[in-house]
Amino acid sequence: MAQRRMFSKEITTSDTFVDMPMSSQLLYFHLGMEADDEGFIGNAKMLSRAYGANSDDLSLLKAKGFIIMFENGVSVVKDWNLNNKIRKDRIKPTIYRSEKSLLNVDVDGAYYLGNQMSTNVQPIDNQMSAQDRLGKDRLGKDRKDILSGSDEPDHVPYKEIVDYLNEKANTKYRSSGSKTKSLIKARVNDGFDLDDFKKVIDTKTSQWLNDQKMKKFLRPETLFGTKFEGYLNEVGITQPTKKDYSQMTREQKLIEVMGKDGVRF
């Protein structure tokens, strides 16, 4: 069995993860360290007590979709294949074969409990390498809301929002990335809607798209992060385009750079 374990920042820096209590976060890391080479843990409850956590922490990890628990007490880290990329010739197969047989794996590598297969799911025993799975769309219209742990379909307009950003900023971000989804989901939970996202995108693209230093920040983690509400409430803040500068007089250009009072911004 491999002696090293890894954790993806895409998972551990998501809003869903950092919003959990520290005890739940710590338990996730401990379970990741104790899991076998395919992400299975046979004694998660005992480990949670041994590491000073409690049943609530374990239940929260399950509710938030970070682990999948079976009725017999066996658990599996849902995003194990995203966290860890162990060479196939070094993997020691799990002893929990019956539990593994109940799982599917989606194109990003996340374990998925259920018998019905869809076009975005690969059989668990015929899965592609994690490198091949990354970058492919795993979002289906009727998939469960894994971020919230709900069994109800997730109706957050991830695709509409990201497609709008790509159109306005000439970018190619994916709506299926867990980090992007967690940011959008957090803002929707704050009460913002699709029009608010479009307004923020319009505001910041008008300011940054023609600024070589700032255009790199036209990305989900910047636009949809904790400054979202501030961006939404910006009024009349724009950056002149190159065409605008060409039409300015020398005096107008100086005012733009120095300010009306001659004070540099």
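Leu 31 and Leu 61 touch the most other members of the largest nonpolar core, which holds 27 residues. At least two residues of this core come from each of H3, S1, helix H4 (44–50), H5, S2, S3 and helix H6 (80–83). Keep in mind that this is a predicted model.

**Cores**
- Leaving aside residues up to four places away in sequence, Leu 31 touches Ile 41, Ala 44, Leu 47, Leu 58, Leu 61 and Ile 67.
- There's also a second, separate core of 20 residues, and its members include Ile 161, Phe 192, Phe 197 and Leu 223.

**H3 against H5**
- Helix H3 (residues 22–34) and helix H5 (residues 55–63) have axes that come within 9 Å and cross at roughly 75 degrees.
- With that angle, H3 is roughly perpendicular to H5.
- On the H3 side, the contact uses Ser 23, Ser 24, Leu 27, Tyr 28 and Leu 31; facing them from H5 are Asp 57, Leu 58, Leu 60 and Leu 61.
- Sort the residues of this H3–H5 contact by type and you get six nonpolar, two polar and one charged.

**The sheet**
- Three strands make an open sheet in the order S1-S3-S2, and the pairing is antiparallel.
- Strand S1 (40–41) and strand S2 (67–69) sit at the edges with a single partner strand each, so one side of each has no neighbour in the sheet.
- S1 and strand S3 (residues 75–77) run antiparallel and are joined by two bridges.
- Ile 41 has Ser 75 in S3 as its bridge partner, and Ile 41 is also one of the residues that Leu 31 touches.

Key: Residues are numbered from 1 along each chain as its sequence is written. This is a predicted model: local features need pLDDT of at least 70, side-chain atom pairs count only at pLDDT 80 or more; totals for chains, interfaces and linings use all residues. Side-chain values use heavy atoms; hydrogens and water are left out. Axes are lines fitted to C-alpha atoms, for helices over the stretch in contact, and angles run from 0 to 180 degrees between N-to-C directions. Helices (H or I, at least four residues) and strands (E, at least two) are DSSP runs, numbered from the N terminus. Angles under 35 degrees count as roughly parallel, over 145 as roughly antiparallel, 65 to 115 as roughly perpendicular and the rest as oblique. Contact means heavy atoms within 4.5 Å. Ala, Val, Leu, Ile, Met, Phe, Trp, Tyr, Cys and Pro count as nonpolar, Asp, Glu, Lys and Arg as charged, and the others, Gly among them, as polar. Two strands pair if DSSP finds at least two bridges between them. A nonpolar core is a set of buried Ala, Val, Leu, Ile, Met, Phe, Trp, Tyr and Cys residues joined through side-chain atoms within 4.5 Å. Buried means under 20% relative accessible area, exposed over 50%, partly exposed in between (1.4 Å probe, protein chains only).
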